[in-house]
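Trainee: Could you walk me through how the labels on this model get assigned? I'd like to see each value set against its cut-off.

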Amino acid sequence: SRFGNANRWGFFPSVSGAWRVSEEQFMQGLGLIDELKIRASWGQLGNQNIGLYNYLSNININQGTILENSVVAGSAITALADPNISWEKTTVTNLGLDIEFWEGRLNFVVDVFDKKTTDILTRISIPAQVGNLQGPITNLYSMSNKGIEINAMHRNTIGQLNLEVGANLAYVENKVDYLAGDIQYTTNRFGNIRVIKEGYPVNSWYLYEAEGIFQSQEEIDQHAFQSNATAPGDIKFRDVNNNGEIDINDMDVRGRSTPKYTYGFNLNLRFRDIDLSAFFQGVYDIDIYPFHNVAFPLYNGAGITKDYFYNHWTPDNREAKYPRLFLPARGTQINSANSTFWLQDASYLRLKNLQIGYNLRGRFLDRMNISRLRPYINAQNLLTFSQWKLSDPEKDILRQDLGDYPNAKIISLGLNLAF
């Protein structure tokens with residue numbers, strides 16, 4: 001029901017193997033390394049996660065038209081279809097290393113991977129002039145994710161202190177490998193905002209490069225032409241192609257919506273009857289573009305943010321954080337143009353979970369046949385470290401407003417009781 005007769009079946013094999021080097025004779029007697037294993041794998045997966053019958057040009061009812069001044073019931077095709085769509089394929093090659101030292105007190109897991117996804121199924125846009133039809137879903141482009149992932153763990157006992165510390169770090173280089181020389185844009189009301197383009201991360205931000213804020217009319221006159229409405233206090237854009245005019249040819253990839261690094265670390269401590277556990281998680285090298293209510297204040301009649309209101313440009317506040325205030329009228333929207341002025345770093349580190357507990361002991365518990373009584377306090381999303389302050393950084397990064405409901409900060413008390 002997803003693909004035509006010629007493309008309904010797929011074959012997706014996989015193979016893996018490992019060599020436990022530590023079991024070899026030449027490794028015996030080495031007290032330092034307890035286990036050493038080398039892994040390798042290769043495999044494919046198929047994806048058919050699209051709607052039913054997208055390979056057919058379906059006819060929808062209730063598509064009336066007007067004939068002789070009367071509405072006549074009818075049916076029509078409202079979306080184009082590609083009859084040759086087939087499986088989206090993902091091929092993963094992985095090389096791994098597992099190593100343990102000092103009777104398991106220190107271990108590392110390292111994986112180097114190459115994940116290639118080809119014939120990615122997605123819907124393409126078509127010009128409205130061809131009948132305002134929805135574009136077809138097709139096998140549009142190919143993408144790769146290459147990188148390395150490292151996990152480390154240390155366990156130890158020092159007197160009455162039991163300690164376990166772990167950390168993980170992943171580096172991923174995401175890139176669109178093939179798009180047949182085409183470029184796919186995503187737009188908002190001010191034009192192109194994201195792009196799928198060969199050689200760049202998928203859904204990269206596509207923006208003008210901002211050079212600051214105009215401080216005088218003289219500065220505007222000496223700069224490349226932007227708009228007849230440009231005034232002191234407006235954002236200044238770089239004339240990339242040096243043609244004396246700011247136009248669409250000055251836009252380019254200026255940021256990424258996929259992180260290069262994801263990482264985390266955890267801590268587990270136990271001293272006598274007290275225990276503590278903590279888990280941190282974060283991402284690095286990722287950008288967010290807050291358009292609604294930030295780059296476009298008074299969006300759809302909404303209120304302006306407090307930060308913008310108190311920190312906008314005026315002749316008496318030339319070092320302002322934001323450009324001048326303006327109404328969203330036609331011809332005065334230069335400051336809302338998609339540019340690096342509004343692009344912000346969305347990297348963050350968050351304390352996802354923290355728990356402290358205490359195991360109670362005593363004769364009273366024995367008389368009550370209670371084998372365990374442990375009160376504890378738990379905190380979720382307790383601390384967040386990020387330059388992005390306007391909303392929760394752990395959000396849908398492609399959503400350009402502040403409307404995502406944030407991860408709640410929760411502090412709770414609990415009791416573990418066992419008889």
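Mentor: Start with strands β22 (residues 372-386) and β23: 9 bridges join them, and they run antiparallel. Keep in mind that this is a predicted model, where local features need pLDDT of at least 70, side-chain atom pairs count only at pLDDT 80 or more, and totals for chains, interfaces and linings use all residues. Residues are numbered from 1 along each chain as its sequence is written, and side-chain values use heavy atoms, leaving out hydrogens and water.

Trainee: What makes β22 and β23 a pair?

Mentor: Two strands pair if DSSP finds at least two bridges between them, and β22 and β23 are joined by 9. One of the bridges links Gln380 to Ile410 in β23. Strands themselves are DSSP runs of E, at least two residues, and helices are runs of H or I, at least four, both numbered from the N terminus.

Trainee: Which strands are the edges of the open sheet?

Mentor: The sheet has 11 strands, in the order β1-β2-β7-β8-β9-β10-β17-β18-β21-β22-β23, with antiparallel pairing. β1 (14-20) and β23 (410-418) are the edges, since each pairs on one side only.

Trainee: Gly166 sits in β10 (residues 161-178). Why is Gly166 called buried?

Mentor: Buried means under 20% relative accessible area, exposed over 50%, and partly exposed in between (1.4 Å probe, protein chains only). Gly166 comes out at 4%, so buried it is. Gly166 also touches Ala152, Met153, Gly264, Phe265 and Asn266, not counting residues up to four places away in sequence; contact means heavy atoms within 4.5 Å.

Trainee: On to the rings. How many aromatic pairs does the search of the whole structure find?

Mentor: It finds 17. Rings of Phe, Tyr and Trp (its six-membered ring) pair if their centres lie within 6.5 Å; planes under 30 degrees apart count as stacked, over 60 as edge-to-face and the rest as tilted.

Trainee: Why is the pair Trp205 and Tyr289 called tilted?

Mentor: Their centres are 5.9 Å apart and their planes at 35 degrees, so tilted is the label. Trp205 lies in strand β13 (residues 204-207) and Tyr289 in the loop between β19 (287-288) and α2 (306-310), so the pair ties together parts 84 residues apart in sequence. Trp205 is buried at 0%, and Tyr289 is buried at 0% too.

Trainee: What makes Phe341 and Trp342 edge-to-face?

Mentor: With centres 5.0 Å apart and planes at 75 degrees, the pair is edge-to-face. Phe341 is partly exposed at 22%, while Trp342 is buried at 1%.
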